[in-house]
Amino acid sequence: MKKHNFSAGPCILPQEVLKKSAEAIIDFNGLGLSLIEVSHRGKDFVDVMEKTRSLVKELLNLPEGYSVLFLQGGASLEFLMTPYNLLKEGGKAAYIDTGVWAAKAIKEAKLLGDIEVIASSKDKVYNYIPKNYAVPTDVDYVHCTSNNTIYGTQIKEFPKTDSLLVCDMSSDIFSRVLDFTKFDLIYAGAQKNMGPAGTTLVVIKDEILGKTGRTIPAMLDYQSHIKADSMFNTPAVFPVYVSMLTLEWMKGLGGVAAIEKMNEAKAAILYAEIDRNPYFKGFAEKEDRSLMNVTFNLTNEDAKEAFDKLWNAAGISGIKGHRSVGGYRASIYNAMPIESVQVLVDAMQELENQLS
Ligand SMILES: *Cc1c(COP(=O)(O)O)cnc(C)c1O
């Protein structure tokens with residue numbers, strides 16, 4: 001039986017994307033060769049890279065002047081590449097601490113310079129997005145995390161700054177309409193909303209690079225990758241190909257605006273049930289709730305065994321909460337059908353029927 005996959009990452013991908021990817025593993029473009037055994041410099045794969053890049057630009061509505069890269073090392077390597085490329089020698093950067101991923105970004109950046117944490121929600125296990133903090137003007141950049149995968153919080157109002165704005169969008173890229181030109185650098189590991197683990201999408205405003213005075217190792221220098229069209233070394237051909245298929249699927253649905261509407265509808269039925277059902281309570285503050293990761297707890301831990309039985313029997317997978325939060329986390333990324341969300345809502349209602 002095909003499961004309802006609520007995993008936080010790697011996450012659900014569209015069924016048709018999985019099918020086409022499986023076919024390309026056996027025979028890519030009718031070449032009689034597998035996608036993963038042809039040269040990345042051959043025309044067929046170069047076309048894949050170009051198409052993937054142009055789909056990203058189209059879906060994010062990016063004007064000229066931005067480069068789109070597909071790198072390796074995950075979002076975690078971007079925690080280091082960002083300061084390497086943007087933090088001036090002796091410079092300073094501001095970070096917003098909204099969770100474990102933000103904290104890891106801060107830790108890496110501190111290896112290279114003076115990092116000021118200008119706001120944090122650590123005092124309440126990161127269940128909210130800090131607001132009304134002062135943004136210093138003497139920084140090279142401001143770094144934020146748009147969606148906090150573990151806690152189920154999402155930034156609705158981004159920091160206002162005249163410095164560069166950098167954002168880790170790993171878990172909500174392509175899920176909602178934003179003015180992406182407000183950001184100077186965006187990065188996102190593929191495995192939350194775009195493809196398999198193994199490639200990281202990086203979107204950079206070209207004019208911001210080459211200004212730090214640092215010597216940057218070639219593999220960590222965005223300019224090396226831009227010059228080589230993301231083929232400075234062998235790219236992650238399979239993750240890039242699957243990402244291309246997912247982006248085509250998104251475009252076919254009507255692009256990010258259409259997907260956002262679907263995501264809102266999915267989140268609405270689940271949050272409504274959490275708020276209605278006396279056996280559940282939401283973890284994140286209401287105004288900061290994420291459209292992608294819905295975190296909730298039981299109001300009475302004694303109901304755990306009964307609920308776990310119910311969702312298991314319904315074919316649901318991957319809703320166990322992160323160990324730092326406990327409870328449950330239903331990740332409802334772009335490819336999650338609303339029918340699967342309804343299956344979860346039904347299981348929650350069934351718990352209420354059983355216990356009351
Ligand atoms: C998963 C995640 C990361 C880490 O991504 P890797 O690709 O595993 O390095 C970073 N930031 C956020 C917001 C994430 O959800």
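**View 1. Lysine 192 reaches an oxygen atom of the ligand.** Threonine 149 brings a polar side-chain atom to 2.5 Å from an oxygen atom of the ligand. Alanine 75 takes part through its backbone, with a polar atom there 3.0 Å from a ligand oxygen atom. On its own the ligand exposes 380 Å², and the protein buries 88% of that (accessible areas come from the Shrake-Rupley method with a 1.4 Å probe). Please keep in mind that this is a predicted model, where local features need pLDDT of at least 70 and side-chain atom pairs count only at pLDDT 80 or more, while totals for chains, interfaces and linings use all residues. Residues are numbered from 1 along each chain as its sequence is written, and side-chain values use heavy atoms, with hydrogens and water left out.

**View 2. The shell around the ligand has 13 residues.** Ser76, Thr149, Asp168, Gln191 and Lys192 come nearest. Helix α3, residues 74-86, gives the most to this shell, with 4 residues (helices, H or I, are DSSP runs of at least four residues and strands, E, of at least two, numbered from the N terminus). Sorted by class, the shell holds 8 polar, 3 nonpolar and 2 charged residues (Ala, Val, Leu, Ile, Met, Phe, Trp, Tyr, Cys and Pro count as nonpolar, Asp, Glu, Lys and Arg as charged, and the others, Gly among them, as polar).

**View 3. Helices α2 and α6 cross.** The axes of α2 (residues 43-60) and α6 (residues 237-253) come within 9 Å and cross at roughly 45 degrees (axes are lines fitted to C-alpha atoms, for helices over the stretch in contact, with angles from 0 to 180 degrees between N-to-C directions). That makes α2 oblique to α6 (under 35 degrees counts as roughly parallel, over 145 as roughly antiparallel, 65 to 115 as roughly perpendicular and the rest as oblique).

View 4. Proline 10 is found in the loop between β1 (4-5) and α1 (15-26).

Notes
A residue is near a molecule or strand if one of its heavy atoms lies within 4 Å of it. A polar contact is a pair of N or O atoms within 3.5 Å; within protein, one must be able to donate a hydrogen and the other to accept it, and residues adjacent in sequence count only if both atoms are side-chain atoms.
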